[in-house]
Amino acid sequence: MNKIIVDKENNIDIKDNVVTLEIWVSDLTINCEGKVLIQEICAKETENLNLTINVLPNSSLLYNRFVVHNEMHNKLTINQDNNCSVRFNYSFIANGKCDIKFNSNLLGDNNSTEIKVAAVTENNGKAIIETTADTKPRIKENSLIESIKVLVLNNEESICIPNLLVASNEIEVNHAATISSIDKDYMFYLNSKGLSILTATSLIKNGFLLSNLATNEEVIKQIKDLLGGE
Amino acid sequence: MLEINNLTVVAENKEILKDFTLKIKDGETHALMGSNGAGKSTICRAILKDANYQITKGNIIYKNKDLSTLTTTDISRLGIMMISQSPIAIEGVTNAEMLRMALSERTGKHIDIFQFSKEAKEICNKLAIPESFLHRDINSGMSGGERKKNELLHIWMLKPSFLILDEVDSGLDIDALKIVANSIKEYQQETNCAILLITHNPKLLEILKPDCVHILADKKIVKSGDSSLAKTIEKEGFKAIYEEYVIERNLTNE
């Protein structure tokens, strides 16, 4: 897997590649062409990122983003033209105020898009997640799914706003948003196997975040190392 | 020995069990039968202190400890484990991960990964399940039969001394039922564990051969007997026994 560290540029092209990405700029446009897999796993005190991803025609993108945040104010925009497939999986832990505006723009025909956001709020964490799917008029054969899940492990308020702006009648769009605390049945099950509440919570939390990503053993280990070092 | 003394259990403000009394010695198998909604699963969950069920009277003693003073975690570490009729799936948490943590917390020691894997793989082979089960999420994407075998893996790894099997036969075909039942029997022979068995399945009763069979009705055990009682139920249903109990109760009240 190639590693790309972006600390100066504001525009990069990725073509037919599997990359691990590190972003250290606040404004970045990524142009994806062909088959692209991006893994981004990190812990950041604060992040103010304006990330735009242009998926070129006949391309596919799988983006797994896992971040532990203290504070975050991000704007993520995905533009798809024709014949594109995009899966953007974003898992994060919010230890402070974290807000994301996620815009998915379908500009052409025959696209498939899946945006999955899973957030865990801990300590003073608060998640404000707004996803907007915007489809242009007269486009066709598109499908889009937006899913936002927030697992609340503190007493802070979290907000999910899923928006669908649909201007075409030949498109299938779905959205789902849930904010919940730990499932009591999960807790009872793990306690009944002898796990303490603390350990069970940690397993459920990690499982919640990891199951949102489409990833492999190596990446899971990287994430677990990161979580272990929190 | 597990002792349940005059237990009253309430769920959602409704009394499910009243004056429920039962004693199960180490190594014994007791089957609890009763019509739907009689409260069989309630007693299973009350033993493990499920927060949805409140014990308002009586107590449960295991290994000389009053379970009402313990948490579900403590009760499990005391050796009690349950397989429910539909074990839940937990995405993102693998069997291996959960078992390693559970063993580590029980023993207070670091678990050697090599030793753990070796033992876990041996158990997978014994249960005729793929070793890949270890690295699959708990019960996730598994059929009913696979879930039960997965739970057996947990039993063999965590080595409980008291097993609660709440309709463990549900969702199993006859071959899977035999594998599950024989594995439980083998486990009991090796460890002398006690079993509280909730079932109406004749095959499971035939393999596990309960020492006692109890009939639950009217919120309590109304009749107990040997395994022949299960055969009577199979032939005649609960009605005759319940009618006999009502006559006796009325006579006592008079």
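Predicted model: local features only at pLDDT ≥ 70, side-chain atom pairs only at ≥ 80, totals over all residues.
Chain A contains 3 helices and 11 strands. Along the sequence, its elements follow the pattern β-β-β-β-β-β-β-β-β-β-β-α-α-α. The radius of gyration of chain A is 18 Å, close to the 17 Å given by the globule rule for 230 residues, so chain A is as compact as a globular protein of that length. Taken along the principal axes, the box filled by its C-alpha atoms is roughly 55 × 40 × 30 Å. Of the 230 residues in chain A, 40% are buried. Among the contacts in chain A with a separation of 6 or more, 69% are accounted for by residues 24 or more positions apart.

The secondary structure of chain B consists of 9 helices and 12 strands. Its radius of gyration is 19 Å, close to the 18 Å that the globule rule gives for 254 residues, and chain B is therefore as compact as a globular protein of that length. The C-alpha trace of chain B spans about 65 × 40 × 30 Å along its principal axes. Buried residues make up 42% of the 254 residues of chain B. In chain B, residues 24 or more positions apart account for 69% of the contacts with a separation of 6 or more.

The contact between the two chains takes 20 residues from chain A and 22 residues from chain B. On the side of chain A that touches chain B, the elements giving two or more residues are α1 (184-191) and α2 (197-210) of chain A. The residues on this side of chain A divide into 9 nonpolar, 8 polar and 3 charged.

The two helices of chain A named at this contact also pack against each other. The angle between α1(A) and α2(A) is about 125°, and their axes are 10 Å apart. From α1(A), the residues A:Tyr186, A:Met187, A:Leu190 and A:Asn191 take part, and they meet A:Ile197, A:Ala200, A:Leu203 and A:Ile204 in α2(A).

A helix pair in chain B is formed by helix α3 (residues 95-107) and helix α5 (residues 144-158), which pack at an angle of about 25° with their axes 11 Å apart. Since angles under 35 degrees count as roughly parallel, α3(B) is roughly parallel to α5(B). The crossing of α3(B) with α5(B) is right-handed. The contact is made by B:Asn95, B:Leu99 and B:Ala102 of α3(B), together with B:Asn150, B:Leu153, B:His154, B:Met157 and B:Leu158 of α5(B). By class, the residues of the contact of α3(B) with α5(B) are 5 nonpolar, 3 polar and no charged.

In chain B, B:Leu216 lies in strand β11 (residues 212-217). With 23 other C-beta atoms within 10 Å, B:Leu216 is buried, because the cut-off for burial is 20 or more. Apart from its neighbours within four places in sequence, B:Leu216 is in contact with B:Leu32, B:Met33, B:Gly34, B:Ala38, B:Gly39, B:Lys40 and B:Ile221. B:Leu216 and B:Glu28 are 188 residues apart in sequence, and their C-alpha atoms are 19 Å apart in space.

Most residues other than glycine have a negative phi. A:Asn58, although not a glycine, has a positive phi of about 60°. This residue is found in the loop between β3 (27-55) and β4 (60-80) of chain A. A:Asn58 has 13 C-beta neighbours inside 10 Å and so counts as partly exposed. In chain B, B:Asp19 is not a glycine and has a positive phi of about 60°. B:Asp19 lies in strand β2 (residues 14-24) of chain B. With 14 other C-beta atoms within 10 Å, B:Asp19 is partly exposed.

Terms used. Residues numbered from 1 in each chain as written. Chains lettered and ligands numbered in written order. Contact = placed C-beta atoms within 7 Å. Helix = DSSP H or I, 4+ residues; strand = E, 2+ residues; numbered from the N terminus. Nonpolar A, V, L, I, M, F, W, Y, C, P; charged D, E, K, R; others polar. Axes fitted to C-alpha atoms, helices over the stretch in contact; angles between N-to-C directions. Rg over C-alpha atoms; globule rule 2.2 N^0.38 Å. Buried ≥ 20, exposed ≤ 12 C-beta atoms within 10 Å, placed from the backbone. Parallel < 35°, antiparallel > 145°, perpendicular 65-115°, else oblique. Left-handed = near helix turned anticlockwise from the far one by under 90°.
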